[in-house]
Amino acid sequence: MQIPQDLIETAALKLKSVQSEAEFFQLRAQYLGKKSFVVSSFSMLRDLKSEEKVIVAKELNILKNDLTKLFENALQEIEGRSDIVKLDVTLPADPFLVGSEHPITKISQKILNYFIPLNYQIFSGNEIETDFYNFEALNFPENHPARQMHDTFYLNSNSKSEYLLRTHTSNTQIHAMLSEDLPLYMLSPGRVFRCDSDNTHLPMFTQIEGLVVDEAVTFGDLKGILIDFIEDFFNEKTDVRFRPSYFPFTEPSAEVDIKFGSKGWLEILGCGMVHPNVLNGCNIDTKKFRGFAFGMGVERLAMLYYGVTDIREFYSSNLDFLKQFPS
Ligand code: DAH
């Protein structure tokens, strides 16, 4: 093995022209890092005959020690210089990708991407919420039977507590109506929580809420946008059915089903015209403004889109499952 004789001299020469700490560390990696001549030569020693190995190992050790000293001294010298550009460890690191996006993130983004060009603003909402925003302001009075459809996690197990984990993203409707000017076009994705668990239900899942409050919006507008969204989502003409339903915060209310191959009709979202009690509670003039709202379960849409049959797969951290959704 040939050890270049001028390694130390060239390193010393290059060190003299260093202008910044970053340059210094680059140079040090070049001469003493994993891929440097010295370090990679050590791993090649095992291929040499034993007499040669002893000689070369000795020379390599001397070279490594000399280089180490050279760089140690240079660093001291550099740190004393006022003209040197220092490393700023507070700068953000270069971004690099690890793994791939979770399928629920992907589907959420796909849904948002339909509405963003239509000027819907994205709102993030509170996961820990008060009874007021989760129920009362949405026209679920205390002891109303509709509350029983939501098996709620209260944050104080002894009695009715002020705080709870929101059972739906509809709470953001109230926050948005109380804080924003009209007209309002909003979308709010996020996690929701219900005391529920089997192969189609989870105690934590994801919803996307939509709300429009404007002059003269109609149920026809709501139908039009949802049918167009569904066909855009599945990228094909889809049979869509609006089935009369009940939600306290909308009147009239509907559940939307789509015809899905051999599975028949499947429910994918709830929607309706915002109930006047809700608008009034948010100080909105119901003579002038009307609203429509909709809420969809992202896991349900992801299951249909990807053909997943057990909702629990999404959160089992099973890499064999997750690797099927590369970026
Ligand atoms: N919040 C309802 C739920 O979780 C879904 C829903 C229905 C949302 C109708 C809406 C709506 O905005 O208008 O079951």
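Modeller: A polar contact is a pair of N or O atoms within 3.5 Å. Here, an N or O atom in the side chain of serine 170 lies 2.9 Å from a nitrogen atom of the ligand. Glutamine 207 places a polar side-chain atom 2.9 Å from an oxygen atom of the ligand. The model is predicted, and local features need pLDDT of at least 70, side-chain atom pairs pLDDT 80 or more, while totals for chains, interfaces and linings use all residues. Residues are numbered from 1 along each chain as its sequence is written, and side-chain values use heavy atoms, without hydrogens and water.

Biologist: Which backbone atom lies 3.1 Å from an oxygen atom of the ligand?

Modeller: That is a backbone N or O atom of alanine 293. Accessible area comes from the Shrake-Rupley method with a 1.4 Å probe. The ligand on its own has 350 Å² of such area, and the protein covers 92% of this.

Biologist: How many residues surround the ligand?

Modeller: A residue is near a molecule if one of its heavy atoms lies within 4 Å of it. The ligand is surrounded by 15 residues, the closest being His168, Ser170, Arg194, Gln207 and Glu209.

Biologist: Why is the pair of phenylalanine 115 and phenylalanine 294 called stacked?

Modeller: Rings of Phe, Tyr and Trp (its six-membered ring) pair if their centres lie within 6.5 Å; planes under 30 degrees apart count as stacked, over 60 as edge-to-face and the rest as tilted. By this rule there are 22 aromatic pairs. The rings of phenylalanine 115 and phenylalanine 294 have centres 5.3 Å apart and planes at 25 degrees, so this pair is stacked.

Notes:
Polar contact = N/O pair within 3.5 Å; in protein donor to acceptor, adjacent residues only side chain to side chain.
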